[in-house]
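Colleague: I've got the model open and I'd like to learn how to read ligand shells and strand pairing. Can you walk me through them?

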Amino acid sequence: LELESAVRKALANEEFFLCYQPLIDLGTRRMSGAEVLVRWNHPEQGVLPPARFISLAEDSGLIVPLGEWVLRTACRQLRAWRDDGFDVPRVAVNISVRQLERKGFAALVAAILDECGLPASSLELELTESVLMETEEAFEVLEELDALGVRLSVDDFGTGYSSLSYLKRLPVHTLKIDRSFIMDVAEHGNNQAIVRAMIAMAKTLGLEAVAEGVESAGQAEFLTGEGCDQAQGYLFGKPVPSDAFRLAWAAAE
Ligand code: G
Ligand code: G
Ligand code: MN
Ligand code: NA
């Protein structure tokens, strides 16, 4: 309860900030977007990672205003970058089931895009497998978001318990292969066959494959050879605040 009121206060005091991690097109090796990751600059404890407060914010329902702040701030940042001549193709924002369940979520997304003068294709929403499996209502919201033109990705793919049939049924565009599978692919590890199969399955279903947690050139080489579309990880860049992201990538564009 104490933390709950602390999160509430932190929102009011603007103690949250966003970091951006590059997504890389493996064909061209150019930056294809940025995943948005929230941080809490706690007045006493310093910068806290999402693991310290997201599930609490989900349990208390505070993820709804926090998530809206993240979405709006990320879209405003993209607008500002573009106005400044820094053309980031899209931002990818993590969304919790509690947000998706809220009536009018698709309308909120549409309003924020409109407010920022951004086409829906500039926004990607990352959802975990468990979220996607949750409810029939969630399915309807996904269809509304798809109709808007927002891109939808399945985050941490391969870590859930879900059946694969939902992939064909849901209007998702991208599979983000969890970094636990990527770790040993350069060393002919056990996961090579699994990752190869995941990429092939994405292709068969007409989805883009993104590899998470790419840390070495060997991993990137393997993934490129297997036809993986995009990658993300420390090899290309860690999550950093907006100014550092721009410094790192504006010149490369
Ligand atoms: O770098 P990292 O510790 O930032 O992120 C850990 C996890 O926290 C991510 O996998 C993501 O699922 C979650 N996360 C980060 N930012 C957000 C956010 O804005 N909303 C939600 N719901 N989850 C987030
Ligand atoms: O669950 P989600 O994929 O949304 O969150 C991404 C998380 O993975 C963040 O905590 C981010 O800091 C972390 N991350 C991103 N790239 C790498 C990487 O190359 N290696 C490791 N170990 N973690 C990474
Ligand atoms: Mn994510
Ligand atoms: Na992940």
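Colleague: How does the shell around ligand 1 divide into nonpolar, polar and charged residues?

Modeller: Sort the surrounding residues by class and count. In this predicted model, the shell around ligand 1 has 8 nonpolar residues, 3 polar and no charged.

Colleague: Which residues surround ligand 1?

Modeller: Leu37, Val38, Pro49, Pro50, Ala51, Ile54, Gly67, Val70, Asn94, Ser96 and Pro239. Then look at where they sit: strand E2 (31–42) and helix H3 (63–83) are the elements that each give two or more residues to that shell.

Colleague: And how many residues surround ligand 2, and of which class?

Modeller: There are 15 around ligand 2, the closest being Gly213, Glu215, Gly233, Tyr234 and Pro239. By class, ligand 2 has 4 nonpolar, 5 polar and 6 charged residues in its shell. Pro239 turns up in the ligand 1 shell and in the ligand 2 shell.

Colleague: On to strands. Is E6 mostly covered or mostly open?

Modeller: For a strand, count its buried residues. E6, residues 151–157, is mostly covered, with 5 of its 7 residues buried. As a general idea, side chains in a regular strand alternate between the two faces of the sheet.

Colleague: Which strands does E6 pair with, and in what sense?

Modeller: Follow the bridges. E5 (residues 123–128) pairs with E6 in the parallel sense over 5 bridges, and threonine 128 has aspartate 155 in E6 as its bridge partner. E6 also pairs with E7 (residues 174–177), again in the parallel sense, over 3 bridges. There, serine 153 stands opposite threonine 174 of E7.

Key: Residues are numbered from 1 along each chain as its sequence is written. Chains are lettered from A and ligands numbered from 1 in the order in which they are written. This is a predicted model: local features need pLDDT of at least 70, side-chain atom pairs count only at pLDDT 80 or more; totals for chains, interfaces and linings use all residues. A residue is near a molecule or strand if its C-beta atom, placed from the backbone, lies within 6 Å of it. Ala, Val, Leu, Ile, Met, Phe, Trp, Tyr, Cys and Pro count as nonpolar, Asp, Glu, Lys and Arg as charged, and the others, Gly among them, as polar. Helices (H or I, at least four residues) and strands (E, at least two) are DSSP runs, numbered from the N terminus. A residue is buried if 20 or more other C-beta atoms lie within 10 Å of its own, exposed if 12 or fewer, and partly exposed in between; C-beta atoms are placed from the backbone. Two strands pair if DSSP finds at least two bridges between them.
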